[in-house]
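Look at the model below.

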Amino acid sequence: MAGIAILLDLYQKKPSFCSPQSFHSSGLFSASAAAASAAATVAAGTPFASRFLFGYPKVSHCDAGAVLPEHYISNTQRSSEDFFKNDALKYSVKEYKIELKPLFSAFELRPFALTTLRSFLLFYLPLLEPSLNIEEDEEDFPHDSTEERRVDLVVPLKKSVKQIIRETTVVTTRRILERLAVIYVSQRMAWKLLKDVPKSAVRKSQRGMPATVYLFRVSRTTFRGHLLGVTAAWIVQTGIEIYRCFSRITNSDESDEANVTVRAKLLGKKISGITIRCGASLIFASIGAGICATLFRPSVGQWIGCAAGDLAGPIIVSVCLENVFHVDL
């Protein structure tokens, strides 16, 4: 605006100043005058009162109307799609498929038949040993009196029925613990607790890892997969001992504090023994599964080692504590 005002003032004083001839020939309107008018125009954009504080501002221009080419945008989208596609193939999210067995799977035909057969063999096979010994004694001493000894078959029957009830209760308790684990534990941890350990041992054997690493990982997987079963057994056995303790206290004639204290100490000792045996079963089953899976076929070896360790662990620990520390479990 100041530049325009200067030009108008010159035009009023000298009308011929802005004519075409004088515009090119006049020495007053030179390049320096144009630069001064441009500077005055820029300076007019800043208020006069603030010029001594902020000085003359520097003006920068940008091309606000610049547009990216279409092929650049399409190439960027295509490259991003290819990147995410390849990245999804490399870093795919692992799915944890959890398959829960039926709650009353212990009462199905095959598991229940195997439990019944095992229980009857456990309590009726020892009855065959005394009869064999008696026949041998009769052959050595034919003149002895051959009194017919009757074998009581009712007591083993009761024990077998109790064993069947105990094992089915343990399996049902484990199914309940599996459902609680799915609800209250993370999906990854629940998948590890409910994993099919023999199949996992086969998958690990196909990865070509060293024998020591394979043994350690199979043992760790067996420990996790066997944990709920051992916990269920501990809960059932502890519940049975607590029921026996309270039933003896209520049925006994002596109800003084001394009797209750003795019963409570005995209950604590039995629970401690159950805990030690269950822990030994879990540890020995894990170690045995790792060793047998390394030496034999992965699936069959893992199953055999787990079963052998589960049976031998409590016996070994009981014998060691009894002979070394003189503790009767």
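Which residues of H13 are buried? They are Pro 298, Gly 301, Gln 302, Gly 305, Cys 306, Gly 309, Gly 313, Pro 314, Val 317 and Leu 321, where buried means under 20% relative accessible area, exposed over 50% and partly exposed in between (1.4 Å probe, protein chains only). This is a predicted model, in which local features need pLDDT of at least 70 and side-chain atom pairs count only at pLDDT 80 or more, while totals for chains, interfaces and linings use all residues. Residues are numbered from 1 along each chain as its sequence is written, and side-chain values use heavy atoms, with hydrogens and water left out.

Helix H13 spans residues 298-324 and bends by about 30° at Ala 312, with Pro 314 following within four residues. The bend is the angle between axes fitted to the seven residues ending at a residue and the seven starting there. Helices are DSSP runs (H or I, at least four residues), numbered from the N terminus. After H13 comes His 326, whose phi is positive, near 55°.

The structure holds three aromatic pairs, meaning rings of Phe, Tyr and Trp (its six-membered ring) with centres within 6.5 Å; planes under 30 degrees apart count as stacked, over 60 as edge-to-face and the rest as tilted. Phe 107 and Phe 112 are stacked because their ring centres are 6.4 Å apart and their planes lie at 25°. Ring pairs link Phe 104, Phe 107 and Phe 112 into a cluster. Phe 120 and Tyr 124 are also a stacked pair, 5.9 Å centre to centre with 25° between the planes.

How values were computed
Helices (H or I, at least four residues) and strands (E, at least two) are DSSP runs, numbered from the N terminus.
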